[in-house]
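The stops below go from one selection to the next.

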Amino acid sequence: MTAPIISAYAGGFLIIMQGILMVLTGLHRAKAGINLGLGDDPVMERKVRRHGNLAENAGIFLAALAIAEMTVVPHQTILIIAIGFVFARFCHAIALSTEAGSHGAQDGKIFVLARVIGAFGTLICFLALGGFLLFNLM
């Protein structure tokens, strides 16, 4: 069994990203006077969504990545999937930082594209990691 070094690096990047998103959300809460919830504030909605979305996806990904890295999935495969996931989550967070990315405004196609890359990139990494785990364990 090898130590999950790639998973540790990916976890490092993701936890820093999570921390940054948490601080930005908290700063907006303080500025807007929103203690809890969204307060009918579309900016607050975007900040909470991008922070929560990363939290929803990163934990299970990192757990599966570490298991895969310590068991049967080849090192290069782990590296590619980890880089892909971190990149996808970064794209998604950038997209949800804008009204165009979160609501699909026509003048913000680059942010809509970033959101698509983020969402589908995450899904592809999930499916690839799950598939490699299941296939290589048989």
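**Stop 1: the nonpolar core**

Begin by selecting Leu14, Phe61, Leu65, Ile78 and Leu129, which touch the most other members of the largest nonpolar core, a set of 20 residues. A nonpolar core here is a set of buried Ala, Val, Leu, Ile, Met, Phe, Trp, Tyr and Cys residues joined through side-chain atoms within 4.5 Å; buried means under 20% relative accessible area, exposed over 50%, and partly exposed in between (1.4 Å probe, protein chains only). Colour helix H1 (5-32), helix H2 (42-70), H3 and helix H5 (109-137): each supplies at least two residues of this core. H3 gives the most, with 6 residues. Helices are DSSP runs (H or I, at least four residues), numbered from the N terminus.

This is a predicted model, in which local features need pLDDT of at least 70 and side-chain atom pairs count only at pLDDT 80 or more, while totals for chains, interfaces and linings use all residues. Residues are numbered from 1 along each chain as its sequence is written, and side-chain values use heavy atoms, with hydrogens and water left out.

Next, select Leu129 and show its contacts (heavy atoms within 4.5 Å). Not counting residues up to four places away in sequence, Leu129 touches Phe61, Ala64, Leu65, Ala68, Ile78 and Ile81.

**Stop 2: the aromatic rings**

Show Phe61, Phe85 and Phe126, which form one aromatic cluster. Rings of Phe, Tyr and Trp (its six-membered ring) pair if their centres lie within 6.5 Å; planes under 30 degrees apart count as stacked, over 60 as edge-to-face and the rest as tilted. The whole structure has 3 aromatic pairs. One of them is the stacked pair of Phe61 and Phe126, at 6.3 Å centre to centre with 20° between the planes. Phe61 sits in helix H2 and Phe126 in helix H5, 65 residues apart. Phe61 counts as buried because its relative accessibility is 1%, whereas Phe126, at 29%, counts as partly exposed.

Phe85 and Phe126 are also stacked, at 5.9 Å centre to centre and 15° between the planes. Phe85 lies in helix H3 and Phe126 in helix H5, so this pair ties together parts 41 residues apart in sequence. At 0% relative accessibility, Phe85 counts as buried.

**Stop 3: Arg89**

Stay on helix H3 (residues 75-95) and select Arg89. What is the nearest side chain of opposite charge to Arg89? It is Glu56, 7.0 Å away, and the buried Arg89 has no salt bridge (a side-chain nitrogen of Lys or Arg within 4 Å of a carboxyl oxygen of Asp or Glu).

Notes
Lys, Arg positive; Asp, Glu negative; His and termini not counted.
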